[in-house]
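Visitor: Could you walk me through the fold, the pockets and the annotated site of this protein?

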Amino acid sequence: MLLKSLYGVSRFGVRFYRKLIDPLDLLTGIEKRELLAHLAGDCDPFRILSIKKGPGTRERPNLIPSSNSSRLICCHCTESDNHLKFMWLHQGDPKRCGCGYWFELCPIAPL
């Protein structure tokens with residue numbers, strides 16, 4: 001008798017709840033903030049997608065968003081290169097890549 005009652009509950013368990021649980025109610029911390037940013041229309045909340053190079057001069061460097069005081073970036077200098085050049089950027093210190101483009105950190109609010 002007990003086995004039959006447990007079988008009936010597990011088989012028709014959805015009928016008792018009558019609604020599905022929203023994923024936002026289950027998430028906490030950074031995962032919830034990431035999902036909320038995605039729902040708000042920001043598909044890259046961590047700013048990890050590649051950025052198109054602008055003029056890249058010393059007066060107008062390419063701005064790299066970061067919520068930290070330093071960030072590791074890579075530059076694909078020419079399309080014929082098969083390797084990337086990595087460099088560290090620090091807040092308030094513009095840096096020049098080997099190809100001649102300048103980069104500078106742009107502070108943003110953390111997620």
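Guide: What follows is a set of questions and answers on this model.

Visitor: What kind of model is this, and how are its residues numbered?

Guide: This is a predicted model, where local features need pLDDT of at least 70 and side-chain atom pairs count only at pLDDT 80 or more, while totals for chains, interfaces and linings use all residues. Side-chain values use heavy atoms, with hydrogens and water left out, and residues are numbered along each chain, as its sequence is written, from 1.

Visitor: In what order do the helices and strands run?

Guide: Helices (H or I, at least four residues) and strands (E, at least two) are DSSP runs, numbered from the N terminus. The protein chain has four helices and five strands. Read from the N terminus on, its elements are α-α-α-α-β-β-β-β-β.

Visitor: What share of the residues is buried?

Guide: Buried means under 20% relative accessible area, exposed over 50%, and partly exposed in between (1.4 Å probe, protein chains only). Of the 111 residues in the protein chain, the buried share is 19%.

Visitor: Which residues carry the "binding site" feature in UniProt, and where do they sit relative to each other?

Guide: UniProt positions are given here in the numbering used for this model, with feature names shortened, and annotations may be inferred rather than shown by experiment. The record, an unreviewed entry, places "binding site" at Cys75, Cys77, Cys97 and Cys99. They span 25 residues in sequence, yet no two of their C-alpha atoms are more than 8.7 Å apart, so they gather at one spot.

Visitor: Is cysteine 97 buried or exposed, and which residues does it touch?

Guide: Cysteine 97 belongs to the loop between strand E4 (95–96) and strand E5 (102–107). With a relative accessible area of 5%, cysteine 97 is buried. Contact means heavy atoms within 4.5 Å. Leaving aside neighbours within four places in sequence, the contacts of cysteine 97 are Cys75, Cys77, Lys85, Met87 and Phe103.

Visitor: And which residues does cysteine 99 touch?

Guide: Cysteine 99 also lies between E4 and E5, in the loop. Its relative accessible area of 32% makes cysteine 99 partly exposed. Not counting residues up to four places away in sequence, cysteine 99 touches Lys53, Cys75 and Cys77.

Visitor: How far is glycine 100 from cysteine 77 in space?

Guide: Glycine 100 is placed in the loop between E4 and E5, and it is partly exposed at a relative accessible area of 24%. In sequence, glycine 100 and cysteine 77 are 23 residues apart. In space, C-alpha to C-alpha, they are 8.8 Å apart.

Visitor: Which element gives the most to the lining of the largest pocket?

Guide: On a 1 Å grid over the protein atoms alone, a pocket is an open set of points where a 1.4 Å probe fits, with protein on both sides within 12 Å along at least five of seven lines, and lining residues have an atom within 4 Å of a point. The largest pocket is lined by 17 residues, of which Leu49, Ser50, Ile51, Cys74 and Cys75 lie nearest its centre. Strand E1 (62–66) and strand E2 (70–75) are the elements that give two or more residues to this lining. The most, five residues, comes from E2.

Visitor: What is the volume of the largest pocket?

Guide: Grid points are joined across faces, edges and corners, and a volume is the space filled by probe spheres set on the points. For the largest pocket the volume is about 390 Å³.

Visitor: What is the phi of arginine 47 near?

Guide: Arginine 47 is in the loop between helix H4 (29–39) and E1. At a relative accessible area of 29%, arginine 47 is partly exposed. Its phi is positive, in a residue other than glycine, and is near 55 degrees.
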